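Notebook open, model loaded. I want to go through the sheets, the helix and the core, then the rings.

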Amino acid sequence: MTPATDVPALPRTWRPLGPRLAAAVFAVILVGAFAWLWVSFDDQTKDAVNDLEKATVIFFILLGLALLNALARSRVVAREDGLTVVNGYRSRRLSWAEVGAVRFPQGAPWPHLDLGDDQRISLLGIHASDGARAATAIRELRAVVAAHQD
């Protein structure tokens, strides 16, 4: 980062630390709890569980893991040609001409990007739970946006 302008070198990616750590911990707990539960069953109980019931439990475990992965993969990427916002499994590429103000209202869990015409995109790649790290990310993102505005 250049001290005079505080604009980070591009490409630059911002990811939330707290939500990624929480997703990893909860994934281990989810899989571990069900594995421990299954191992702790006696043979009679295991034999009483049919294939459809097993498939249902596996489906919900995989669904939980997919939701945790969606949370963990959120990010904001600034490149010379524009901004990419990944929220869960949805990705949106914006040219710098489309990018408006970066807003982070007091008490909000994450910032949003104003696109004009009452449109905005949440930026889940920067999360308020990260505290000072989130404040630094917002300052950097605002500097990059300001440097690319006409």
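Which strands form the open sheet of three, and in what order? I looked it up in what is a predicted model: the order is β5-β6-β7, and the pairing is antiparallel. I then checked the edges. β5 (102-103) and β7 each have a single partner strand, so one side of each is left without a neighbour in the sheet.

I went on to β6 (residues 112-116) and β7 (residues 119-122), which run antiparallel and are joined by four bridges.

Next I looked up the four-stranded sheet. It is open too, with the order β1-β2-β3-β4 and antiparallel pairing. Its edge strands are β1 and β4 (90-95), each pairing on one side only. I wrote down an average twist of 15° from one strand to the next. Between β1 and β2 I have three bridges, with the strands antiparallel.

**Entry: helix α4**

Where does α4 lie? I find it across β1, β2 and β3, running at about 140° to β1. Which of its residues are buried? My list reads Ala134, Ala137, Ile138, Glu140, Leu141, Ala143, Val144 and Val145. I noted that Glu140 is among them. The spacing brought a rule to mind: an α-helix has 3.6 residues a turn, so residues three or four places apart point the same way. As for what covers the buried residues of α4, the cover includes β1 (12-14), β2 (75-79), β3 (82-87) and β5.

**Entry: the core**

How many residues does the largest nonpolar core have? I get 20, and Trp14, Leu83, Leu113 and Leu141 have the most contacts inside it. β2, β3, β6 and α4 each supply at least two of its residues. The largest share, six residues, comes from α4.

Setting aside neighbours within four places in sequence, I found leucine 113 in contact with Leu83, Leu94, Val99, Gly100, Ala101, Val102, Gln119, Arg120, Ile121 and Leu123.

**Entry: aromatic pairs**

Last, the rings. My search of the whole structure gave two aromatic pairs. Tryptophan 38 and phenylalanine 41 are edge-to-face, 5.9 Å centre to centre with 75° between the planes. The other pair I logged is phenylalanine 59 with phenylalanine 60: the centres are 5.2 Å apart and the planes are at 70°, so this pair is edge-to-face.

Buried or exposed? I checked each ring's residue. Tryptophan 38 is partly exposed at 33% relative accessible area, and phenylalanine 41 is partly exposed at 28%. Phenylalanine 59 counts as partly exposed at 47%. Phenylalanine 60, at 52%, is exposed, because the cut-off for exposed is over 50%.

How values were computed. Residues are numbered from 1 along each chain as its sequence is written. This is a predicted model: local features need pLDDT of at least 70, side-chain atom pairs count only at pLDDT 80 or more; totals for chains, interfaces and linings use all residues. Side-chain values use heavy atoms; hydrogens and water are left out. Rings of Phe, Tyr and Trp (its six-membered ring) pair if their centres lie within 6.5 Å; planes under 30 degrees apart count as stacked, over 60 as edge-to-face and the rest as tilted. Buried means under 20% relative accessible area, exposed over 50%, partly exposed in between (1.4 Å probe, protein chains only). Two strands pair if DSSP finds at least two bridges between them. Contact means heavy atoms within 4.5 Å. Axes are lines fitted to C-alpha atoms, for helices over the stretch in contact, and angles run from 0 to 180 degrees between N-to-C directions. A nonpolar core is a set of buried Ala, Val, Leu, Ile, Met, Phe, Trp, Tyr and Cys residues joined through side-chain atoms within 4.5 Å.
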